[in-house]
Amino acid sequence: MVDQNSDQPKKLAVREQALGDSDIYRHQTDIQTIALNLKKLANSFCGSQSNTFIDEFVKAYVHGGTVVNPRSAKRSQHEDIHSGGFLLANRASPRSATMPCDYIFATMPSFPWYTYPKKEALSMSFGEIYSDLYQQAERSGHAFTCRFTRSMLDPICTDPTDGWLPSQYLPSPTTLGDFLKLMGNRVPKASNATSPHVHITSDVQIMELESECLPDILIARLEACFEQSRTPWLESYTSGELPKLGKYPSHHWTCNHADAARCGWVPINPEYAAQVYDDGDHTRTRTDPRLEFEEGDCLVDISSLNETELEASMDEAGEYVPLFAQARRILVRMWFAYEGQSRPGAQQEEWADFKRSMQDLWSTPLLHTVLLLAGMVNCRIPLSAAAWVNKLFIPVYIRHNEDLLSVGLLAKHARQPKQQRKHPFHLLCVGQHLPSPHEKAFGNDLFLVGSETKVPVGLASDMFHERHSDEASVRVAISLYNGYFTDLGDNKVDIGPRLLSDEPSVPREAYIVGPQ
Amino acid sequence: MYTRGWAGARHCEARRPVAQPQPPRRRRLISSLATPQIKPASAGFKAIASALDFFSRLRIYSMASGSATPTGPSTLDFSSWFKSCITAFGCATKKGSNSNASQQNTSRICPATERLTDTPTIKFARFKNATLELFEAPIESTDYIAFSHVWGDWAWRSISGIPYDVKASEEKAKFIANDLPALVGDGAFWMDTLTVDQRNPVEVSEIVDVIPDIFRMARKTIAVKECDGLYDCCIAAVAGFETANEFASKSHDHSIAHTHYLCAESYLQRLWTLQECLLSHTIEFVVGSDSMS
């Protein structure tokens, strides 16, 4: 995806023309994107100033003119990326740079507490620059939560402090929004197992996608995710991230053998791997829908993860719609149908038509990938990292209580060996923002933590969003802090979470739940 | 390596049907001539500046001096040209003295410069007799314009008036040749593609640290838009809009005219331009005249 040493222009992925997604409303999307991006720029430049100032900015941009910002552009020691709504305004930003390191170097040197690693910058990987930023932020009182910890990527990293540090192997962001998603919210100090703000929200049951899962059940569960995590879905859609590989899934799609193999699936009955038939003058190859897959046993070399991204970008070319693209387009149609529920019409009909066409064609890799991408949106992980995440994580259902089922991501190494796997099993859902009226990030940046090691092994969905009403917030809080709250009525709840440091270490075996 | 991003120009071409005529592009001639202004100096700086002839201490690298003058169309790269300029500077200042004297001369300059400000010294550019010259000066005490732009589909190009090959898109090369001199007059300016040796990865990397200061302390930032999102017809279609929402609404109504064309405003799609805008206190938006032939 990126070549840190080449001095040549980087050719952008050619996915738009290669995937043949005929979006007849593309021109509208283009213009809407310009208007949206211009308004965001105006907002960011003008800060909290009036709408009149924003209007003047837009006029100056469109017609050619000059704008003056009375605010000082100089940042103070107290400011960081979370200040002034920058992160909120740009978390879905599609702005891009050539090199992954640019996302840090174009945003951080303006803060006086950040020291640009001048001498080493040329030789550092994105992950190393991110770790350096994490440490500098911690030292200067600007600590934030990371998304991918060392313990999530490295099974032997179980130290209750080091395990919480950001991994140096991170997916390369492709947009500013991607980068900001890799940065969690502010915390008083860098998190670890003994931090006074790191607490257990509840013991949760973890379940993988059933091997015989019915598509309708999966779809119903994902629609529940839309309800719980509407903000990240909306951000992903409006920023163009979710529909980037097209909006219209291929009807009658079947999984290509080679494509599935690249994504870690092996055929159970390879005799159905290819079916050749003659279509008039053309001989075509199509996968037999009877072909079934199971998850392959591949060991991941984390030092070669960059190659994963390279492979993924190569997959984007060609006539065949790859597994990741088809899964993403299905989520777009699903989201459209869900969003349009209040005014039933074409979107619902189109979605129903698609489901009819796909009857009996849903394969395990497709269902699994749809769930994986849904988990990524829920957990605010950039979709550009899909191939990377697929190598290291599996999507899981997280049952917080009877009313709350979410979709998250679990490190593959945190599962028991294949033959010993039992479901469901228990993990701790851990929060990094204590319940408080002033804590804006309450209910976000949730980790799945092993009860024995007390290090993160997965990610849970963000649960609280700006658009939640008081009533909805209390409902979610009660479900999230299952067992650790007192309902005071009148949309008030008293939450008393346990600190992770107070929790006794429990051997893993004790947490496996027997057959139900 | 730090490389300023390239915009989606090539990307755009890929999506634009080959057989379709190109929509009319913007041809706004930039007419405003920049007049150098005195930058309001801080009190501390004023006290020192009044006692010293500051500009006499600037190290100037001019193509007009001696052996550095090119003899024909520019094929020189930035690095070798800049080195030859340093040689020329040495000859010009030492006036027959030996190299040690030259070094003493330089060392006499530096401490005073360092006393003036903590902000770094960087390379600026200005036009002299229609030819670009570079000079080093402290950011804080220099009155200059900063340019914010996207790279586009760049290549190394020879541009009239620029003594070395420049990493620029065709459109940006036209802008530099046709519009830039009128915008800056004989004043100092900073534009990464001209003032940073893009063949030198160390120099490119080191400037990253200074970019916030460069845009914060510029007299103004000139933001050079590409002609790839809002075409003439788009501007005409939204004429008279009063609010950002009205602009969005009118643009949406007009979008049907672009069914076959990509509208992707590169300036709004690249990361660095966001930072450059947010760090600037005054931004003038312009488009290139796009009329060099």
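Start with the largest nonpolar core, which has 194 residues. A nonpolar core here is a set of buried Ala, Val, Leu, Ile, Met, Phe, Trp, Tyr and Cys residues joined through C-beta atoms within 7 Å. Buried, in turn, is a neighbour count: 20 or more other C-beta atoms within 10 Å of the residue's own, with 12 or fewer making it exposed, anything in between partly exposed, and the C-beta atoms placed from the backbone. Select A:Leu331, A:Val370, A:Leu373, A:Met376, A:Val389, A:Leu410 and B:Phe189, the residues with the most contacts inside this core. Then colour helix H13 of chain A, residues 323–339, which gives the most to the core with ten residues.

A word on what you have loaded: this is a predicted model, where local features need pLDDT of at least 70 and side-chain atom pairs count only at pLDDT 80 or more, while totals for chains, interfaces and linings use all residues. Residues are numbered from 1 along each chain as its sequence is written, and chains are lettered from A and ligands numbered from 1 in the order in which they are written.

**Around A:Met376**

Zoom in on A:Met376. What is it in contact with, leaving aside its neighbours within four places in sequence? The list is A:Ile381, A:Leu383, A:Ala386, A:Val389 and A:Leu409, where contact means C-beta atoms, placed from the backbone, within 7 Å.

Now pick A:Arg380, in the loop between helices H15 (364–378) and H16 (386–392) of chain A. Its phi is near 55°, a positive value in a residue other than glycine. Is this residue buried or exposed? Buried: there are 24 other C-beta atoms within 10 Å.

For contrast, jump to A:His252, in the loop between helix H10 (230–238) and helix H11 (257–262) of chain A. Here phi is near 60°, again positive without being a glycine. A:His252 counts as exposed because it has 9 C-beta neighbours inside 10 Å. As background, most residues other than glycine have a negative phi.

**Strands in chain A**

Helices (H or I, at least four residues) and strands (E, at least two) are DSSP runs, numbered from the N terminus. Strand E10 (405–411) pairs with strand E13 (456–459) of chain A in the antiparallel sense over two bridges; two strands pair if DSSP finds at least two bridges between them. A:Leu409 stands opposite A:Leu459 in E13(A).

On to strand E12 of chain A (447–449), which is antiparallel to E13(A) over three bridges. E12(A) and E13(A) form a hairpin with six residues between them, and A:Lys454 in the turn has a positive phi of about 60°.

**Zooming out to chain A**

Chain A has 17 helices and 16 strands, and 47% of its 516 residues are buried. Among its contacts with a separation of 6 or more, 70% are between residues 24 or more positions apart.

The contact between domains 2 and 3 takes 28 residues from domain 2 and 29 residues from domain 3. On the domain 2 side, helix H7 (150–153), helix H8 (176–181) and strand E3 (183–186) each give two or more residues.

**Crossing to chain B**

Chain B brings eleven helices and nine strands, with 42% of its 293 residues counting as buried. Where chains A and B meet, the contact takes 57 residues from chain B and 54 residues from chain A. Which element gives the most to chain B's side? Helix H11(B), with seven residues. The residues on this side divide into 30 nonpolar, 17 polar and ten charged, with Ala, Val, Leu, Ile, Met, Phe, Trp, Tyr, Cys and Pro as nonpolar, Asp, Glu, Lys and Arg as charged, and the others, Gly among them, as polar.

Next, select strand E1 of chain A (66–68) with E9(B): they pair in the antiparallel sense over three bridges. A:Thr66 stands opposite B:Glu284.

Last stop, helix H10 of chain B (244–254), where B:Ala244, B:Phe247, B:Ala248 and B:Ser251 are buried. They cover an arc of only 100° around the axis, so they sit on the same side of H10(B); the arc is that of the directions from the helix axis to the C-beta atoms.

Methods. Two residues are in contact if their C-beta atoms, placed from the backbone, lie within 7 Å.
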